[in-house]
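This report goes through one structure for a reader who has not seen it before. Please keep the sequence and the model in view while reading.

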Amino acid sequence: CFMGGVQSFLVLILEYQSVRETSVLTLFVVSIIKELAIIGMSVFLFGDQISLLNIIGAGITIIGIFLYS
């Protein structure tokens, strides 16, 4: 449990530094990319099923990320 606390603390420090260097919006976009990666890995590695609506939503999200950059 100690290592989990240390890891959480380090993630918090990284997030704080990211906001100082960029903006809150950039951190938000990065967190969305992370969530898409987790969903993609669960589909490809574990065979999780996603609906057409989920695929459309992910596609819209990806388009929004590219428009942001």
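The sections below describe a predicted model, one region at a time.

## Helix H2 and its end

Helix H2 covers residues 24–46, which makes 23 residues. At 1.5 Å a residue, a helix of this length should span 33 Å, and the C-alpha atoms at its ends lie 32 Å apart, so the two values agree. Just after H2 comes Gly-47, with a positive phi of about 75°.

Ser-42 is located in helix H2. Its relative accessible area is 17%, and because the limit for buried is under 20%, Ser-42 counts as buried. The side chain of Ser-42 reaches back to the backbone oxygen of Ile-39, at 2.7 Å. Leaving aside residues up to four places away in sequence, Ser-42 touches Gly-47 and Asp-48.

## The salt bridge

How many salt bridges does a search of the whole structure find? The search finds one. Side chains of opposite charge can pair when their charged atoms come close. Here the partners are Glu-35 and Lys-34, whose closest N and O atoms are 3.9 Å apart; the cut-off for a salt bridge is 4 Å.

Both partners have computed accessibilities in the partly exposed range. Glu-35 is partly exposed, at 41% relative accessible area. Lys-34 has 47% relative accessibility and is also partly exposed.

## The nonpolar patch

Which residues make the nonpolar surface patch of about 570 Å²? They are Ile-39, Ile-50, Leu-52, Ile-55, Ile-56 and Ile-60. Helix H3, residues 52–68, gives the largest share of the patch, with four residues. Ile-39, a member of the patch, is also the residue whose backbone oxygen the side chain of Ser-42 reaches.

Another member of the patch, Ile-50, sits in the loop between H2 and H3.

## Helix H1

Helix H1 runs over residues 2–21, and Ile-13 is part of it. Is Ile-13 buried or partly exposed? With a relative accessibility of 41%, Ile-13 counts as partly exposed.

Ile-13 can also be placed relative to Ser-69. The two are 56 residues apart in sequence, and their C-alpha atoms are 24 Å apart in space.

Terms used:
Residues numbered from 1 in each chain as written. Predicted model: local features only at pLDDT ≥ 70, side-chain atom pairs only at ≥ 80, totals over all residues. Heavy atoms only, no water. Helix = DSSP H or I, 4+ residues; strand = E, 2+ residues; numbered from the N terminus. Expected span 1.5 Å × (residues − 1). Buried < 20%, exposed > 50% of the residue type's maximum accessible area, 1.4 Å probe, protein only. Polar contact = N/O pair within 3.5 Å; in protein donor to acceptor, adjacent residues only side chain to side chain. Contact = heavy atoms within 4.5 Å. Salt bridge = Lys/Arg side-chain N within 4 Å of Asp/Glu carboxyl O. Patch = residues over 30% accessible without salt bridge, like charges linked within 9 Å, V, L, I, M, F, W, Y side chains within 5 Å. Areas by Shrake-Rupley, 256 points an atom, 1.4 Å probe, with all protein chains shown as cover.
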